[in-house]
Amino acid sequence: MSDNGQNHQLEEVERQIGFSFPASYRALLNAVQTQAKKPPLLIYPIEKLVSLNNANQMKEFAPGAFLVGSDGGGEALVLDIRKESPTN
């Protein structure tokens, strides 16, 4: 996928979910897209992010977390999308 196509998809997903992805996630996504080998970390395709988060009921079961990948063994990779950090 071209950088322009990927950027357009990211912007569309950001519009749908109401927040912007951090630059670090964008860089990770770009690195994974350009690797020749399959990485041990599965980064979900941009076009599936909204449906995967909805299917996994992330808003209900993990509020403040946005699912972006997996290790393929049951561990999720999520972004912390809370507006403020929790206080202890």
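Student: Is Phe-19 buried or exposed in this model?
Tutor: Keep in mind that this is a predicted model, where local features need pLDDT of at least 70, side-chain atom pairs count only at pLDDT 80 or more, and totals for chains, interfaces and linings use all residues. Residues are numbered from 1 along each chain as its sequence is written, and side-chain values use heavy atoms, leaving out hydrogens and water. Buried means under 20% relative accessible area, exposed over 50%, and partly exposed in between, with a 1.4 Å probe and protein chains only. Phe-19 has 15% relative accessibility, so Phe-19 counts as buried.

Student: Which residues does Phe-19 touch, leaving out those up to four places away in sequence?
Tutor: Phe-19 sits in the loop between α1 (3-17) and α2 (23-34); helices are DSSP runs of H or I with at least four residues, strands are E runs of at least two, and both are numbered from the N terminus. Its C-alpha is 7.8 Å from that of Ile-81, though the two are 62 residues apart along the chain. With contact meaning heavy atoms within 4.5 Å, the partners are Glu-14, Phe-66 and Ile-81.

Student: How many residues of strand β2 are buried?
Tutor: Strand β2 covers residues 65-70 and is mostly covered. The buried count is six of its six residues.

Student: What is the bridge partner of Ser-70 in β3?
Tutor: Strands pair if DSSP finds at least two bridges between them. β2 and β3 (residues 76-80) run antiparallel, joined by five bridges. Ser-70 is also the partner of Leu-42, but in β3 its partner is Ala-76.
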